[in-house]
Every structure is written in C-alpha cells, then in structure tokens.
Amino acid sequence: MPIRAIAYASQAVAGLPQSKIDSIVEDAAHFNGVAGITGVLLFDGAWFLQYFEGPEDGVKAVHDRILGSRSHTNVVQLGQGHLAARLFPYWAMRQLAIDSLTLGRIIMADWAQFTRLAGTPGSEGTAIDRLTEVVEPYLTAA
C-alpha cells in the first residue's frame, strides 16, 4: 500500500494555551491511530509545522480535520508526496517544542520532493533532511 505524506505550516490562534495544544495532540494521536497515520507536530510558541503520513484515505481524513480546525490560521501546505516507507512509523502523533529559527529553516527548505539528500555532494539537503535531523534524537526516546 503506497504511503502518502503531507507537510503544512500554520499560525496558532492568539492566546492558545499549552493545555489546549496538549489536548489537540492527544486527540490527534487517537484519531491518527485509528486512521493508520503517523507524524510529528513542531511548535515554536506561535507557528506549527505538521508532517503526517499514511494510507491515502487516512491522510485525506486527517487533512480535512486540519483544515476545519479553529486552533490555527494561515494554513500553508508545504509539500505532499508518496513515500516508499514511513519516516515516523512509531508515532501516531507527537508534539515537539522547537525554536523559531530552526522551525523557519525547515519551513523554508525544499519541500518539492519527499526525499533525503543529506550527504549528497553539493546538496544542502531537503526539508525532509532538516525535519529528520530535528526529530531523530527523539526517536530513541519514543
């Protein structure tokens, strides 16, 4: 079964408390588990970047929920594509705090393809490379 992935960035609504974000992540983890979706949510206190992956129907259901959420505005899809294998197979959803500079670098990176180029001569890497670099230290703690 092909794996589809989507990444987007959005701005948290003003005054969104951490307790509400925790509740959203918990609800998303439950929904995603049922839908066969895995992924990660990065948050710098103002902006979100979410990456999620799974079967086509599950990705569509999650994407529809995201677009209907009132917890964020200015939703911008950064990229979408198909993968040979999941990047984050063990997390139905996990939120990680991140600094604004690092988040901005990931958002502004090359989302044209969902591949990894790290280590390729002359390449600065893709958005997936940058996202993976940030998330990898947490994978062993999962």
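Ala97 is exposed, with a relative accessible area of 67%; exposed denotes over 50%, buried under 20%, and partly exposed in between, computed with a 1.4 Å probe on protein chains only. The residue belongs to strand E5, where strands (E, at least two residues) and helices (H or I, at least four) are DSSP runs numbered from the N terminus. Along the chain Ala97 and Leu42 are 55 residues apart, and their C-alpha atoms are separated by 5.9 Å.

A word on the basis of these values. This is a predicted model, in which local features need pLDDT of at least 70 and side-chain atom pairs count only at pLDDT 80 or more, while totals for chains, interfaces and linings use all residues. Residues are numbered from 1 along each chain as its sequence is written, and side-chain values use heavy atoms, with hydrogens and water left out.

I turn to strand E4. Asn74 lies in this strand and has a positive phi of about 55°, although it is not a glycine. With 46% relative accessibility, Asn74 counts as partly exposed. Gln77 is also found in strand E4, and at 37% relative accessibility Gln77 counts as partly exposed. Which residues does Gln77 touch, not counting residues up to four places away in sequence? They are Ile6, Ala7, Tyr8 and His63, where contact means heavy atoms within 4.5 Å. Gln77 and Trp111 are 34 residues apart in sequence, and from C-alpha to C-alpha they are 9.7 Å apart in space.

Next, the aromatic residues. How many aromatic pairs does the structure hold? There are three. Rings of Phe, Tyr and Trp (the six-membered ring of Trp) pair if their centres lie within 6.5 Å; planes under 30 degrees apart count as stacked, over 60 as edge-to-face, and the rest as tilted. The rings of Tyr51 and Phe88 have centres 5.5 Å apart and planes at 80°, so this pair is edge-to-face. Tyr51 lies in strand E3 (residues 47-54), whereas Phe88 is in the loop between strand E4 (72-83) and strand E5 (95-97), so the pair ties together parts that are 37 residues apart in sequence. Are these two residues buried or exposed? Both Tyr51 and Phe88 are buried, and the relative accessible area of Phe88 is 2%. Phe88 also pairs with Trp91: their ring centres are 6.0 Å apart and their planes at 5°, so the pair is stacked. Trp91 is buried as well, with a relative accessible area of 5%.

In contrast to the buried Phe88, Pro89 is partly exposed, with a relative accessible area of 40%. Leaving aside neighbours within four places in sequence, Pro89 is in contact with Thr38 and Glu53. Pro89 and Gly36 are 53 residues apart along the chain, and their C-alpha atoms are separated by 9.8 Å.

I come now to the helices. Helix H1 (residues 18-35) and helix H2 (residues 56-68) pack at an angle of about 155°, with their axes 9 Å apart. Axes are lines fitted to C-alpha atoms, for helices over the stretch in contact, and angles run from 0 to 180 degrees between N-to-C directions. The angle makes H1 roughly antiparallel to H2; that term applies over 145 degrees, with under 35 counting as roughly parallel, 65 to 115 as roughly perpendicular and the rest as oblique. Asp27, Phe31, Asn32 and Ala35 of H1 make the contact with Gly58, Ala61, Val62 and Arg65 of H2. By class, this contact has four nonpolar, two polar and two charged residues. Here Ala, Val, Leu, Ile, Met, Phe, Trp, Tyr, Cys and Pro count as nonpolar, Asp, Glu, Lys and Arg as charged, and the others, Gly among them, as polar.

The axes of helix H3 (residues 100-108) and helix H4 (residues 127-139) come within 8 Å and cross at roughly 150°. H3 and H4 are therefore roughly antiparallel to each other. Their contact is made by Thr102, Arg105 and Ile106 of H3 and by Ala127, Arg130, Leu131 and Val134 of H4. It has four nonpolar, one polar and two charged residues.

Finally, Val134 has its place in helix H4. Apart from neighbours within four places in sequence, Val134 is in contact with Ile98, Thr102 and Ile106. Val134 and Glu56 are 78 residues apart in sequence and, from C-alpha to C-alpha, 26 Å apart in space.
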